[in-house]
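Let's take a walk through a protein together. Have a look at the picture below, then read on.

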Amino acid sequence: TVWVQDGNQIGGALVSVWNEEFEHETGTDENGHYWMEVPAGEYEMGASAEGYSGDGTSGVEVQANETTSIDFWLNWVDDMTHIYGQVTNVEDGQGLAMAQIVAHDSEDPGNVRRKVFADGDGYYDMDLPEGEYIFSVRREGYWVHWSELIYVSGDEMELYWAMEPVYQFDGAWEGNINLVGEYEPESIYLTIFNDQYDVVRI
């Protein structure tokens, strides 16, 4: 996982691994997680993201048929804008706990720049480099809310969001997650989503 100094994960970070015989790179998902397959051996690794200083390590040992976990911590280098606000139900104004506030790249909305979760009263905060963003707000039981293009600048910015409940569900999903190999994760996150609705299971 790639983290930022405030304890949030960095989506869209670049993680690289290399030695004299092999090199590979991959991007983190919207939760800051990455995964890659490499031959057994000793490697150097590094992580970087726009607006952040890089982090790296050497002497990373990868054993055959085993999973090695390496986290990276990046620091801000650009001027950051502190964004804060609340996510509420559009009907009664009540705060929505655990709503996801996602900042997307304005030119490539599939590139998630930051994602945070609202607290128990629907309040949230995040820090972003100055620039243009599209925001989406997601919570189970509510339609995904998409913003227009927003220019983020200055020291602070208030952004409040109101979400519309879904009144009727027409289907469901079920299934199993099968793990291959000896790796036993502490938890598994399953996300099913499109541009209109988003469900997360742990």
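Predicted model: local features only at pLDDT ≥ 70, side-chain atom pairs only at ≥ 80, totals over all residues.

Which residues does isoleucine 101 touch, not counting residues up to four places away in sequence?

## The big picture

The protein has 17 strands and 0 helices. Its C-alpha trace spans about 60 × 45 × 30 Å along the principal axes. Of the 202 residues, 39% are buried.

Now for contacts between residues with a separation of 6 or more: 53% of them involve residues 24 or more positions apart.

## Isoleucine 101 and the cores

Isoleucine 101 touches Val87, Arg114, Lys115, Val116, Ala118, Tyr124, Met126, Phe135, Ser136, Val137 and Trp161, leaving out residues up to four places away in sequence.

Isoleucine 101 also belongs to the largest nonpolar core, which has 21 residues. Ile83, Val87, Ile101, Tyr124, Phe135 and Trp161 are the ones that touch the most other members. Who supplies the residues of this core? At least two come from each of strand E7 (80-89), E8, strand E10 (123-129), E11, E13 and E15. Apart from this core lies another one, with 19 residues, including Ile10, Ala47, Val62 and Ile70. In soluble globular proteins, nonpolar side chains tend to be buried together.

Is strand E11 mostly buried or mostly exposed? Being buried takes a relative accessible area under 20%. In E11 (residues 131-138), 7 of the 8 residues are buried, so the strand is largely enclosed by the rest of the structure.

E11 has several pairing partners. Strand E8 (residues 100-105) runs antiparallel to E11, joined by 6 bridges, and valine 102 has serine 136 as its bridge partner there. Strand E13 (residues 150-152) pairs with E11 over 3 bridges, again antiparallel; here glutamate 132 is partnered with tyrosine 151. Strand E12 (residues 145-146) pairs with E11 in the antiparallel sense too, over 2 bridges, and tryptophan 146 in E12 stands opposite serine 136. The hairpin of E11 and E12 has 6 residues between the strands, and glycine 141 takes a positive phi near 95° in that hairpin.

## Strand E4 and its partners

Next up is E4 (residues 41-48). Strand E2 (residues 14-18) pairs with E4 in the antiparallel sense over 5 bridges, and the bridge partner of tryptophan 18 is glutamate 44.

E4 also pairs with strand E5 (residues 55-62), antiparallel and over 6 bridges. In that pairing, glutamate 42 has glutamate 61 as its bridge partner. In the hairpin of E4 and E5, with 6 residues between the strands, glycine 51 takes a positive phi near 90°.

Look for threonine 1 in the segment before strand E1 (2-4). Threonine 1 counts as buried because its relative accessible area is 14%, and the cut-off is under 20%. Beyond its neighbours within four places in sequence, threonine 1 is in contact with Gln9, Asn31, Gly32, His33, Tyr34, Ile70, Asp71 and Phe72.

Isoleucine 188 sits in the loop between strand E15 (161-163) and strand E16 (190-193). With 32% relative accessibility, isoleucine 188 counts as partly exposed. Ile188 is also one of the residues in a nonpolar surface patch of about 500 Å², made with Trp173, Ile177, Leu179, Leu190 and Ile192.

Methods: Residues numbered from 1 in each chain as written. Heavy atoms only, no water. Buried < 20%, exposed > 50% of the residue type's maximum accessible area, 1.4 Å probe, protein only. Helix = DSSP H or I, 4+ residues; strand = E, 2+ residues; numbered from the N terminus. Pairing = 2+ DSSP bridges. Patch = residues over 30% accessible without salt bridge, like charges linked within 9 Å, V, L, I, M, F, W, Y side chains within 5 Å. Areas by Shrake-Rupley, 256 points an atom, 1.4 Å probe, with all protein chains shown as cover. Salt bridge = Lys/Arg side-chain N within 4 Å of Asp/Glu carboxyl O. Contact = heavy atoms within 4.5 Å. Core = buried A, V, L, I, M, F, W, Y, C linked by side-chain atoms within 4.5 Å.
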